[in-house]
Amino acid sequence: MNMAWKEMKKSKAKFIILGSIIFLVSFLTFIISGLANGLSQDNAALIKDLPQGHFYMNTDAKQTYNLSKIDPSLQDQILHENKDAAALSIQMGFVNDAEDKQHSVAFVTSTDSPLFEKVGPGEIVLDRSLEKDGIKVGDVLTNNQFSGEFKVVKFVDQKKYSHAPVAYINMDNYKEIYRTKGMQLMFIPGQDTASSITGLESFSNKDFLNTISSYKAENMSLNMIIWFLIAISGMLFAIFFYMMNVQKIGLYGILKAIGVKTSTLFRMMWAQMFFITIIALVISVALSQGFNMIAPKGMPFQLTMESTLLLSILFLVIGFIGATLSGLQIKKVEPLQAIQQGDV
Amino acid sequence: MTTFTIHDVTKTFTNGEVEEQVLNGINLSLQEGEVTALVGASGSGKSTLLTIAAGLQRASGGQVRFEGNNMTAMTQEEVRKIRASKFGFVFQSSHLVPFLTVEDQLMLMLDVSESNMSKRERKEEVAKILKLVEMDHRKDAYPASLSGGEKQRVAIARAIIHKPNILFADEPTASLDSKRSKDVMTLIRDLTKTLNITTLMVTHDEEMLPYADHIITMKDGLIVQ
């Protein structure tokens with residue numbers, strides 16, 4: 001007999017309250033996770049969208065790419081030895097539109113590579129978020145440190161760096177703006193292990209992201225919130241099932257007295273936990289994915305199905321552990337004590 | 001026929017450094033188709049004896065033998081199996097499962113006793129037993145909507161649905177008025193006879209004694225009569 005189901009049917013209010021709390025906590029976790037992913041994407045989509053490989057910067061730069069400067073002869077040697085490699089530079093800056101309105105951008109330039117936009121002299125390729133600001137293909141943009149003008153040739157989707165839209169420009173134009181002759185970084189894609197290059201320090205994509213101070217601090221704070229929510233939900237499971245079990249101690253004792261196995265009582269509790277959690281998670285996943293679709297464009301929100309499923313599995317595991325820990329008292333219940341306590 | 005015997009059973013409770021001997025060597029035999037009543041003042045050890053006999057707690061010494069096997073030497077799982085399939089229990093309070101209907105209370109007991117009846121046979125058996133205890137008209141009711149007497153009738157039905165060899169009843173009429181108490185005792189006596197069950201009952205209500213075949217009086221952990 002399915003006692004778990006019969007109890008839920010009879011005590012709907014109790015289980016609906018428990019389910020609602022699990023729904024609210026999981027929904028909040030999904031939303032925070034979506035915001036964390038969105039912010040992380042907003043901060044470093046340019047780097048995150050690159051294939052796995054290794055970045056290289058000067059050893060002297062002390063892990064700060066802004067201070068890095070690759071020797072041109074070494075750069076040529078690396079590019080010669082690694083056909084897919086690219087030398088690149090990233091600098092924060094501004095462009096002015098026809099109405100002299102300033103737009104913050106991250107200037108990116110690179111040697112010829114399919115990983116980065118190829119841009120001719122005097123051309124600029126922008127992240128699509130600038131389209132919303134009224135900039136169109138064919139518009140002319142200026143920069144007060146650049147003698148010429150930039151003509152907008154194209155928009156690209158989701159290319160952000162340090163929360164600013166990326167602006168791909170030609171290498172010569174970049175060198176003029178920043179009064180530099182060399183590039184800051186080398187990127188060699190597809191490397192499982194980094195090459196040892198004298199004078200250069202290597203970073204995996206993940207390690208390189210962590211050298212961006214804002215990215216690391218932001219991600220740590222948001223991930224901390226997510227883990228706290230997961231831990232809190234685990235405790236909630238444990239507390240709720242503990243309270244329910246305390247209320248049912250007498251009943252468990254009687255059931256044990258008439259011969260019900262302890263394992264049957266545990267299975268009953270697990271079945272209820274999984275049923276409530278799965279229903280609560282299905283609703284939270286549906287709502288959070290719905291929110292993913294209707295989230296305002298300016299809001300950095302990205303919730304992939306993969307991370308939703310991963311979090312859902314984590315919730316089920318946490319719920320199972322919480323319920324099981326609280327259910328350990330079932331094992332301790334003495335039938336005799338329950339009988340002497342009166343009606344359940 | 002004797003199927004259940006108790007040999008020199010003792011029980012000592014330890015409370016801190018104080019030891020209290022509750023049973024001082026009890027010997028007892030129960031006969032099939034008979035109701036044996038345990039009577040005695042409060043603290044005489046009758047309820048302790050019943051719970052030890054029913055395998056709900058362990059004796060400190062002596063043997064409880066059921067169908068030739070010494071239950072005091074069995075594992076907890078072995079005792080549980082006996083409780084589930086061979087024993088029936090009626091408690092002072094009905095102790096029904098609050099979220100199960102009357103019919104489901106009995107179906108649960110058939111599940112617990114691992115009955116090999118089909119679902120249809122189980123339903124028929126439940127209907128038969130409910131009719132026997134005159135509760136067939138309330139088969140879909142939940143315990144909260146039953147009167148004290150009705151609850152106790154359902155508890156008795158649950159205790160006998162799996163055809164136990166022994167029925168243990170711990171003050172089954174304590175929570176009932178005089179009229180209902182007599183009805184419940186008549187039911188227990190009749191079922192004991194018709195189903196050939198061995199019944200051991202604890203009571204302190206002298207009005208219930210005429211329903212018993214044997215009366216055992218206890219005092220200070222000993223059988224005195």
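Which residues of the largest nonpolar core touch the most other members?

A: The model is predicted, so local features need pLDDT of at least 70 and side-chain atom pairs count only at pLDDT 80 or more, while totals for chains, interfaces and linings use all residues. Residues are numbered from 1 along each chain as its sequence is written, and chains are lettered from A and ligands numbered from 1 in the order in which they are written.

The largest nonpolar core has 104 residues, and those touching the most other members are A:Ile258, B:Phe89, B:Ile156, B:Ala157, B:Ile160 and B:Phe168. Helix α2 of chain A (residues 12-48) gives the most to this core, with eight residues. Another core lies apart from it, with 44 residues, including A:Val105, A:Leu141, A:Ala167 and A:Met186. A nonpolar core here is a set of buried Ala, Val, Leu, Ile, Met, Phe, Trp, Tyr and Cys residues joined through C-beta atoms within 7 Å. Buried stands for 20 or more other C-beta atoms within 10 Å of a residue's own, exposed for 12 or fewer, and partly exposed for anything in between, with C-beta atoms placed from the backbone. Helices (H or I, at least four residues) and strands (E, at least two) are DSSP runs, numbered from the N terminus.

Leaving out residues up to four places away in sequence, B:Phe168 touches B:Leu50, B:Ala53, B:Ala54, B:Phe87, B:Phe89 and B:Leu200. A contact requires the C-beta atoms of two residues, placed from the backbone, to lie within 7 Å. B:Ala53 belongs to helix α1 of chain B, where B:Lys46, B:Ser47, B:Thr48, B:Leu49, B:Thr51 and B:Ile52 are buried along with it. Seven of the eight residues of this helix (residues 46-53) are buried, so the helix is largely enclosed by the rest of the structure. After α1(B) comes B:Gly55, with a positive phi near 75°.

B:Ile129 sits in helix α4 of chain B (residues 119-132). It counts as buried because it has 25 C-beta neighbours inside 10 Å.

Chain B as a whole has six helices and ten strands. Its radius of gyration, taken over C-alpha atoms, is 17 Å, close to the 17 Å that the globule rule (2.2 Å times the number of residues to the power 0.38) gives for 225 residues, so chain B is as compact as a globular protein of that length. Of those residues, 45% count as buried. Among contacts in chain B between residues at least 6 apart in sequence, 71% join residues at least 24 apart.

One sheet of chain B is open, with six strands in the order β6-β7-β8-β3-β9-β10 and mixed pairing. β6 (87-90) and β10 (222-223) are at its edges with a single partner strand each, so one side of each is left without a neighbour in the sheet. Strands pair if DSSP finds at least two bridges between them. β3 (residues 35-40) and β9 (residues 214-219) of chain B run parallel and are joined by five bridges. B:Gly40, for example, has B:Met218 in β9(B) as its bridge partner.

Chain B also touches chain A: 22 residues of chain B are in contact with 18 residues of chain A. On the chain B side, α2 (76-85) and α3 (102-112) each supply at least two residues. The most comes from α3(B), with six residues. By type, this side has twelve nonpolar, six polar and four charged residues. Ala, Val, Leu, Ile, Met, Phe, Trp, Tyr, Cys and Pro count as nonpolar, Asp, Glu, Lys and Arg as charged, and the others, Gly among them, as polar.

A:Phe315 is located in helix α9 of chain A (residues 305-332) and is buried, with 25 other C-beta atoms within 10 Å. Not counting residues up to four places away in sequence, A:Phe315 touches A:Ser26, A:Ser233, A:Thr277 and A:Leu281.

For contrast, B:Glu67 is exposed, with 11 other C-beta atoms within 10 Å. B:Glu67 lies in the loop between β4 (61-66) and β5 (69-70) of chain B, and its phi is positive, about 50°, although it is not a glycine.
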